[in-house]
Amino acid sequence: VHWKHGGIVGVFGYGGGVIGRYSDLQEQFPSIAHFHTLRVNQPASKFYSTDYLKTICDLWEYRGSGMLNMHGSTGDMVFLGTFTEQLEPLFFELGHVMQQDLGGSGSNLRTPSCCIGKARCEWSCIDTQDLCYEMTHYYQDELHRPAFPYKFKFKFDGCPNCCVASIARADMSFIGTWRDNIRIDQEAVQSYMGGEIMPN
């Protein structure tokens, strides 16, 4: 199947979040004449409940192809393949039933993403989830109404381990760093070197 961009498609009030895909072999493959992709904003650190995931899967099975990408390299749940007629009903159900929003696509701010941060990581030096949440809400207009000459990405890493790959995948990286003296338990180091503490 050959795909062509058949013009802009989207949902009312938003300029981003939907990537239009049309087949140029619609007569031969009518079931995929349209195959639009939606980017759906992921929660900070990608924490999901089982019930939420089941609901998302059921919704996409009903309104689209049922194929999901969890997640793209830049974040977002990527919903692959639906018809134009399904966009508004899907958007309504996402927003009004699931309290879920579309992510960014096109020449705009892409959906900010963060590592697991203080929720489960002992190395995190900053609250990545709080930063990601605040920046996502502050820049809603830039996320949903493309006004840039090219896409722009924020990413938040809690420490220099860079688990969300902010340096490689973002235009603006936020990376937590240690702001104190390095703390080393010299007695434990000496015990390890002397064989009193066994290696893993």
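Modeller: One definition before the questions: rings of Phe, Tyr and Trp (its six-membered ring) pair if their centres lie within 6.5 Å, and planes under 30 degrees apart count as stacked, over 60 as edge-to-face and the rest as tilted. This is a predicted model, where local features need pLDDT of at least 70, side-chain atom pairs count only at pLDDT 80 or more, and totals for chains, interfaces and linings use all residues. Residues are numbered from 1 along each chain as its sequence is written, and side-chain values use heavy atoms, with hydrogens and water left out.

Biologist: Which residues do ring pairs link into a cluster?

Modeller: A search of the whole structure finds nine aromatic pairs. Ring pairs join one cluster made of Tyr 138, Tyr 139, Phe 152, Phe 154, Phe 156 and Phe 174.

Biologist: What kind of aromatic pair do Tyr 138 and Tyr 139 form?

Modeller: Tyr 138 is exposed, at 63% relative accessible area, and Tyr 139 is partly exposed, at 26%; buried means under 20%, exposed over 50% and partly exposed in between (1.4 Å probe, protein chains only). Their ring centres are 4.9 Å apart and their planes 75 degrees apart, so the pair is edge-to-face.

Biologist: And what kind of pair do Phe 154 and Phe 156 form?

Modeller: Phe 154 is buried at 5% relative accessibility, and Phe 156 is buried at 0%. The centres of Phe 154 and Phe 156 lie 6.4 Å apart, with 45 degrees between the planes, and the pair is tilted.

Biologist: How many residues does the largest nonpolar core have?

Modeller: A nonpolar core is a set of buried Ala, Val, Leu, Ile, Met, Phe, Trp, Tyr and Cys residues joined through side-chain atoms within 4.5 Å. In the largest one, the residues with the most contacts inside the core are Leu 38, Ile 56, Phe 79, Leu 90, Leu 94 and Leu 102, and the core has 18 residues.

Biologist: Which elements give two or more residues to this core?

Modeller: Helices (H or I, at least four residues) and strands (E, at least two) are DSSP runs, numbered from the N terminus. The contributing elements are strand 4 (37-40), helix 1 (50-63), strand 6 (75-80) and helix 2 (84-97).

Biologist: How many residues are in the other core, apart from this one?

Modeller: Leu 109, Cys 132, Met 135 and Leu 143 are among its members. That core has seven residues.

Biologist: Where is the peptide bond that is cis?

Modeller: Most peptide bonds are trans. The cis bond, with omega near 5 degrees, runs from Met 70 to His 71.

Biologist: What is the phi of Lys 46?

Modeller: Lys 46 lies in the loop between strand 4 and helix 1 and is partly exposed, at 28% relative accessible area. Its phi is positive in a residue other than glycine, near 60 degrees.
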